Amino acid sequence: MRSSAVHRLQGVLVREAPATESVPAVFDSPHSGDAYPADFDHALEPDVLARAEDRFVHELFETVPRHGGVLLYALFPRSYIDVNRHSSDIDERLLDEPWPEAVEPSEKTRQGVGLLRRLAPGRRALYRRKLSVAEVQARIRDYYEPYHATLAEALADLHRRFGAVWHLNCHSMQSHGDGRRADFVLSDRLGASCERAFVDRIADYLSGAGFRVAVNDPYVGAEILRRYGRPEDRRHSLQIEIKRSLYMDERSLAKHAGFAHLARVLDGLIACVCAHARESGS
Ligand SMILES: [Zn+2]
C-alpha cells in the first residue's frame, strides 16, 4: 500500500495517507496553494495575489501522516476559486453572461471575496476582463469539486471505519500589526460544527504552550465547516486560524526564524488532535 500513500492530482491537490496506524483524524489546508493555473488571466502582480494565500500552512502540518492522520491540501490558489465558499456564492458582475443556475451571493461576495474574488488584498480589482460561464464551470469541475470529493471521501471512509471522525480545517490570518490579536482563532460555527470537548482540548493545548487563543472571534467558520461538521453524527469539524506573524514576515512573505519553533508547537497540536480522535473514537 506504500505506493498509494501520496495521492497527487496535478495542480489541484495532494492527499497524504497515514504513515502509521490510522486514527480518525483529517487535516486540510484549502488556501495554501500557489500553483497559479495558466488560464487564470488576472490583472495583478504575483506578489499582490500571494498575500491572499495561506502561505506555508500545509508545511506547518506536514507531520500529520506520522501521527496517523490524513493530510489534504490544495495546490491551486484560493484567489482562482475558493473551496471555502458555497458554489452558488457567485458575483454575476464578474461574468460576461448570466450564470445558468441559481446564484446566492453571500456577504462574502458583497465584500469581493466570494467563490470567485472580485477584489485582491489592497482592494484592487482582480480582473480587467469578464469571466465566461464556461471557464468558471471548468474551475468548479476541475478544482472545486475534486477538492471537496477528496475531503468528503477521506472523512466518510474514517467515519465508516471508526464510527466518528475529527477534522481540523487549517488556515492562516494576517496580524494587521495588532499585538493584541489572538495568536490562534478556533471556530466551530458557534457550536454547530463540532463537540465542545474538541475545541476545549485544542484551546487548552495552545494556551498551555503560551499562546493567546480566541474562539469564534472574529471568525465563526465558513463553507467547509458548514458542509462537513455534524457533531450529532459524530463528525467533528473545527477551523483553526494561525497568526502569520508567528512564522513568517508578512511584508516579504518569507518564513522567519520562528517557523521551526511554531512547527514543533503544531506537531504537538497534531499529536493532541490524533490522541483525542484515538481516545474518543470507538
Ligand atoms: Zn484560509
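**Strand S10 and its neighbours**

Mentor: Strands S7 and S10 run parallel and are joined by 9 bridges; two strands pair if DSSP finds at least two bridges between them, and helices (H or I, at least four residues) and strands (E, at least two) are DSSP runs, numbered from the N terminus. The model is predicted: local features need pLDDT of at least 70, side-chain atom pairs count only at pLDDT 80 or more, and totals for chains, interfaces and linings use all residues. Residues are numbered from 1 along each chain as its sequence is written.

Strand S10 (residues 235–243) also pairs with strand S8 (residues 184–187), here in the antiparallel sense over 4 bridges. Gln239 in S10 stands opposite Asn169 and also opposite Ser187.

These strands belong to an open sheet of 8 strands with mixed pairing, in the order S1-S2-S4-S3-S7-S10-S8-S9. Its edge strands, S1 (6–9) and S9 (213–215), each pair on one side only.

Helix H5 (residues 196–208) packs on the sheet and touches S7 (165–173), S8, S9 and S10, a contact being two C-beta atoms, placed from the backbone, within 7 Å. The direction of H5 makes about 160° with that of S9; axes are lines fitted to C-alpha atoms, for helices over the stretch in contact, and angles run from 0 to 180 degrees between N-to-C directions.

Because 9 of the 9 residues of S10 are buried, the strand is largely enclosed by the rest of the structure (buried: 20 or more other C-beta atoms within 10 Å of a residue's own, C-beta atoms being placed from the backbone). Arg235, Ser237, Gln239, Glu241 and Lys243 lie on one side, with His236, Leu238, Ile240 and Ile242 on the other.

Definitions and conventions. A residue is buried if 20 or more other C-beta atoms lie within 10 Å of its own, exposed if 12 or fewer, and partly exposed in between; C-beta atoms are placed from the backbone.
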